[in-house]
Amino acid sequence: MAKKTTRKSQDDKRMKERDKATLAKIVALADTITEAAFKHGDISISIPTRSRANTIWNRKKRILEMGDNKASRELFNLNQAKQFMQTMLHSATIKELIEADKTSSLRSVFYKAKHTVAGTRENTFDTQEESDPILEDLEVTLGALREELHIFAENRGAMVGNITLIDKGDEIDCRRMGSGGYALPSIVEPDVIEFKKCEADFVLHVEKGTVWNRFNEDRFWEKNNCILTHGAGQPPRGCRRLLQRLNQELGLPIICLLDCDPWGHYIYSVIKQGSISLAFESSRLAIPEAKFLGIRAKDYRECDLSDAVKIDLKDNDIKRAKEIAAYPWFKENKAWQKEIQHMLDNGFKMEVESLITKDISYVTEVYVPERLKKRDWLD
Amino acid sequence: MGIKNPPALAEEKSLFEGSARGEVAVTKSSSRPKRETAESMATRQKDIAVSEFFAKNRHLLGFDNPRKALLTAVKEAVDNSLDACEEAGILPNITVIIEDLQPDRPATTKHSRYRVTVIDNGPGIVRRQVENVFGRLLFGSKFHRLKMSRGQQGIGISAAGMYGLITTGRPMVIHTRPNAKKPAHLIELAMNTKTNRAEVTLDTETEDFPPSQYKVLSAATRAPDFLSPEDYRTGTSVAIELEGRYQKGRGSVDEFLELTAIANPHAKITFVPPSRVSADEQEELPLGDVARDATPAELAENQAESVKSGELLAPNGVDPTLTTIMKDGIIIFPRGTEELPPETKEIQPHPKGIELGILIQMMRDFEDANRGGGTLYNFLQERFSRISAQRAAEFCREIGAHTRTKVGDLTPKQVEQLFKSFQTARLPAPPTDCLAPIGVRQLLAGLLKGVKAEFYAASSRQPEVYRGRPFQIEAAIAFGGELPPNEPARVIRFANRVPLLFQQSACSSFKAVIETGWRNYNLQQPRGSLPVGPLVIMIHMASVWVPFTSESKEAIADYDEIRKEMKLALMECGRKLGTYLRKRQKMQREAARRDVFERYIGEIAKAINAINGMDADEIYQKLLEEARKRTAIADARLDENGQVIKKDEHEDLRQDDAVVMVESRAAHLQLAEGSATTSPDTNGVSDGEEKVSLKRKKKAATTRKKRSAGGDNGLF
Ligand SMILES: Nc1ncnc2c1ncn2[C@@H]1O[C@H](COP(=O)(O)OP(=O)(O)OP(=O)(O)O)[C@@H](O)[C@H]1O
Ligand SMILES: [Mg+2]
């Protein structure tokens, strides 16, 4: 008990230091603008560019990193004026959050900053989709992590398996999470989540909740001594960070079971190398060792699937597949080039669920175990 | 009134030269021995033919239907009044009164009996001429001369009286006071269509001028400034009772007066419309309802103020605040300028401008004047313009005549040869001092008071010649303001300052408008059609002889020379409009840009205040300053393509005497036009927001106005 208190106060102290630094950065940002206004200078904020062009493929580390390009967001530019205002609004919101020592979800930050612009009927923000990127911009601009901005995303994704963790002091036994699993929080840094005990040999990460349910129901993790996660589609930062920690801290291989389509390939790419928009966080998120178990283009034949599983590739899919094939990390990878080409040759996509057409538990009892045994995956 | 019977007319004129006061006109024949000669009989036969002919063919004189008849009566009298005032050098004061004499008729009756009275402050008519002027067709002072005037034929007013007589049996009532110190004559006369003679039923003198009976019609006519004797010291009042129909819209009395006021800004016209509009066939036309378009008197002053304070630049002597006023049912077209049109000279015909028949007639007249003794050499020099002595001798030689050859001795073949030589000869153009264009300044003055637009431009071309006749084209345009934004342009046409209300599409001017490429001036124009937009196009042709397509004087014939001049005049105006519109669009874009910035600055100031505690107002002001400075920079120095331009084109317009701009009305239009405004799109601005930004524009516009009233921006 006593021990815990000291740690907590230490944490607090560390937290306070970090908050102070973040606050100072926000004030500095506002000061720059004030100064420019009085000196008739350019009213702008310099924001590191989160774009493809400013993303560097670090071949050695095998992750995506953000380059040094910055773009200035100007008030007196028709295309940027509104975003400029939004950036300032969110800066103020974050400052308030830090001062009140509260954290807030992306959604509630959006709602907090959303109001009608004085004298008009225009909203400061219309949708959360408008708001979230502005917060990401602030992360890179201020050089602060999301949690340092006191913002978190909604819990998304789930986990079960042979592992016990401590989440904010509460012990979580992931073997006993019932049918829903342990909901993955958005912030999973060591000061929030500690790994207490882990017997698992690997992590099986599946694309979506429905597939995950199948595996959980079939007690796959128990039978195969693993941890079972999903990220509800494109895995959120919390999920990716946790996978990375499981990989790096506990040395568990991360095996992904995703759809055989450009989207599935892309999710794998993000898990493995990081994403363009969050390239600045790759070192905390990317898992270069992650493996792609399936679904594979060859499975239609190999597993003798019925025609019902075929979903036609649309023009857009083909375009996307070619783009992905051209990513540097895929480009140098013969196996992947073959895989994508195979899918294109097939002319159709397949979802993990397609394996169910064979037998309800085919995927958990036959497909995955066999592939694991044969180490038949893409890297 | 274009009845082409010149020989008869010339004769008519000479017939009346000896008329004495109080007498019924005497003919030449009656001064001769009592016995009729074949010649005198022939004269009378012609007389009879003329008035009877017109009685039976009213449409030739514009009395085709009751509605047009009412208009024509007004038009003939007003044209005469304007002509008379101008010739006498008097600034015209004209009052037009239409009384409905059957106000209690059932609502379904299509027409009614009206009394049309037109009162002017002109020189009046001497007593002895009254019967001739009003009681005889083809009597006039204007026909036999080549001079620019509204009336030509000597038919107009008598025809109106005749029409009244035919439809109501009532005589014309004339008050005329040629001498301010003497009483007015009061004469009632009816024309005997069989004899083409006036029959006088009342002939007396009266001090009651202008007639006081019109002062008691309504509250407004009781006002001391209505028909005040000071304004009408001399003058004429003509009253005709007739069967007619009073309606508004195209081809109405309202439209005629409205347009007359535009083309005659030196005239003050007061109109007392009848108490009710005729039933049925009420055309829903957007034009020609001056009562609706006029500014109520109480508002007029305020508006004048606002126009004045909205920066406006008008050429000297043009008062932009004048506007048609409506007061207690009376419509007043105020005088827009104190300048009378310049006096025009009479000219001799140009050889290239006559027909063979006229040449023969001219020769006969010349022979008569010289008692059979005039030489061709003299005839050519005296009776034509631009024939020098040398040239006359050449013509004589060309047709095998001697300079001393008498006109009467020429063979028909020689006359024809002469006519042909005229056509091929290289002659100087006719003199042009016979033309009195309205002039750029007065065109603007007229349009300004008649049309509530924001931009006006006018062009007055140099005189040109078609078929030996000098003419001059003028054009003016009014754009924006309160004009309907999405309708085809309204074309208003004038010949010698008289509005042409019918047969638009047959008119050369209409063709000129359509052939002009308005798209070059940032206007929409469907193929082969009028441009579309808040635009009024005015075209005026001044000439000693306007070539009408028909005798009803409704459309100008399509001569290439004329149409070309019209197009050139329109292009000149159009180019200025184009400059203005481009500038305005740029301004709108800038305003929208500024608007976007200003919209967010408040939020930003608040956010900064929340972060570093700086005074929100102060930051707001600083940022606002910056926003305005930046949009102003773009405004002044960049053209559409973001290219830096040295000089502000608008500056040119501002310096241009042929242009008037009224910003307060431009602001008004910016709002109305909203949808056409290019919205400076920020990412994902939705429809809803666009509407908002329009609303805001209003605010922006007013603030701009206020600022510039402080003098920083002048007119834009
Ligand atoms: N209000 C008036 N004041 C003075 N003179 C007038 C007035 N009205 C008419 N007159 C004289 O009477 C003449 C006859 O007028 P009338 O309208 O019949 O013919 P017009 O004007 O010469 O030609 P048009 O037939 O084309 O109108 C005019 O030429 C003018 O000299
Ligand atoms: Mg006349």
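Colleague: What should I know about numbering and rules?

Modeller: Residues count from 1 along each chain as its sequence is written, chains are lettered from A and ligands numbered from 1 in the order in which they are written. This is a predicted model, where local features need pLDDT of at least 70, side-chain atom pairs need 80 or more, and totals for chains, interfaces and linings use all residues, while side-chain values use heavy atoms, without hydrogens or water.

Colleague: How do you know which parts of chain B to read with care?

Modeller: By pLDDT, the predictor's confidence in each residue, from 0 to 100. Chain B averages 78, and 74% of its residues score at least 70. Residues 281–286 of chain B stay under 50. So do residues 667–716 of chain B. Where pLDDT is low, the predicted coordinates should not be read in detail. The model still has 76 contacts beyond four places in sequence for 667–716, a contact being heavy atoms within 4.5 Å. For the model, ipTM is 0.79 and pTM is 0.63.

Colleague: Why is B:His540 called buried?

Modeller: Buried means under 20% relative accessible area, exposed over 50%, partly exposed in between, with a 1.4 Å probe and protein chains only. B:His540 has 0% relative accessibility, so B:His540 counts as buried. B:His540 sits in strand S17 (residues 535–543) of chain B. Strands are DSSP runs of E, at least two residues; helices are runs of H or I, at least four; both are numbered from the N terminus.

Colleague: What does the side chain of B:His540 reach?

Modeller: The backbone nitrogen of B:Asn496, at 3.4 Å.

Colleague: Why does B:Thr295 count as buried?

Modeller: Its relative accessibility is 2%, so B:Thr295 counts as buried. B:Thr295 lies in strand S8 (residues 295–296) of chain B.

Colleague: What covers the buried residues of H5(A)?

Modeller: Among the covering elements are strand S7 (158–161), strand S12 (202–206) and helix H14 (362–374) of chain A. The buried residues of helix H5 (residues 209–217) include A:Trp212 and A:Phe215. Just after H5(A), A:Arg219 takes a positive phi of about 50°.

Colleague: What makes B:Arg630 and A:Asp42 a salt bridge?

Modeller: The rule wants a side-chain nitrogen of Lys or Arg within 4 Å of a carboxyl oxygen of Asp or Glu. Here the closest N and O atoms are 3.6 Å apart. Across the interface of chain A and chain B, the rule finds 2 salt bridges.

Colleague: How much area is buried between chain A and chain B?

Modeller: About 3100 Å², with carbon and sulfur atoms giving 67%. Buried area is the accessible area (1.4 Å probe) that two parts lose on being put together, summed over both. In chain A, A:Phe38, A:Phe76 and A:Leu78 lose the most area to chain B, together 24% of what that side buries. The contact takes 37 residues from chain A and 31 residues from chain B.

Definitions and conventions:
Polar contact = N/O pair within 3.5 Å; in protein donor to acceptor, adjacent residues only side chain to side chain.
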